Amino acid sequence: MMFLRVSREIERVKRLGVRVATPCFNLLIERKTGRASQVAIVVGRRFGIAVRRNRAKRVFRALVRMTYKDIQPGHNLVVFPKREALESSHEDLADVWRTVLRKYHVMRTET
C-alpha cells in the first residue's frame, strides 16, 4: 500500500523520523526494514480552509504517485505541506520533492 493511514504509525514516524525542512513542505523520514515504503500527508486546520487543505493533499498525492516507483523500499515518510506549496508550480514542487528524496537516499539513483 502506497499511503500510510494508521495514526499509530504516523505518530511513530513523528517521534523517530529525521526531519527535513524545505520552503514548501516539511518531511519526516523513518527507515524500516523489509516492507514497501509508505507516505502519509498531514495537513492541519491551521493550513487554511478545507478547500485549500484538500488541494494541498491532492497535489502531494500526485507527487507521491508520480515518484513512488522510484522510492526505495524500507521507508515511512510523513509530509507536512506548507502554504507556499500551493503558490509553487507543479514542476518546481516536483523538483524540490525529488531533490530531497535523493539527498536523503530515499529515491533510487539513476543507473
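Trainee: Which residues does isoleucine 71 touch, not counting residues up to four places away in sequence?

Mentor: Isoleucine 71 touches Ser37, Leu77, Leu101, Val106, Met107 and Arg108. Contact means heavy atoms within 4.5 Å. This is a predicted model, where local features need pLDDT of at least 70, side-chain atom pairs count only at pLDDT 80 or more, and totals for chains, interfaces and linings use all residues. Residues are numbered from 1 along each chain as its sequence is written, and side-chain values use heavy atoms, with hydrogens and water left out.

Trainee: Where is isoleucine 71 placed?

Mentor: Isoleucine 71 is in the loop between α2 and β4. Helices (H or I, at least four residues) and strands (E, at least two) are DSSP runs, numbered from the N terminus.

Trainee: Is isoleucine 71 buried or exposed?

Mentor: Isoleucine 71 is buried, and its relative accessible area is 4%. Buried means under 20% relative accessible area, exposed over 50%, and partly exposed in between, with a 1.4 Å probe and protein chains only.

Trainee: What separates the C-alpha atoms of isoleucine 71 and glutamine 38?

Mentor: A distance of 9.4 Å, with the two residues 33 apart along the chain.

Trainee: Over to α3. How many residues does α3 have?

Mentor: Helix α3 has 14 residues, 90-103. From first C-alpha to last, α3 reaches 20 Å, close to the 20 Å expected at 1.5 Å a residue. The expected span is 1.5 Å times one less than the number of residues.

Trainee: Which residues of α3 are buried?

Mentor: Leu93, Ala94, Trp97, Val100 and Leu101. Down the axis of α3, these buried residues fall within an arc of 130°, so they line one face of the helix. The arc is that of the directions from the helix axis to the C-beta atoms.

Trainee: Why do residues three or four places apart point the same way?

Mentor: An α-helix has 3.6 residues a turn, so residues three or four places apart point the same way.

Trainee: What covers the buried residues of α3?

Mentor: The cover includes β1 (18-21), β2 (25-31), α2 (50-67) and β4 (75-81). The face of α3 turned away from its buried side carries exposed Glu91 and Lys103.

Trainee: Now the strands. How many residues of β2 are buried?

Mentor: In β2, 6 of its 7 residues are buried.

Trainee: In what sense do β2 and β4 pair?

Mentor: They pair in the antiparallel sense, over 7 bridges. Two strands pair if DSSP finds at least two bridges between them. Leucine 27 stands opposite valine 79 in β4.

Trainee: And what joins β1 to β2?

Mentor: A hairpin does, through 3 residues. β1 and β2 pair in the antiparallel sense over 4 bridges.
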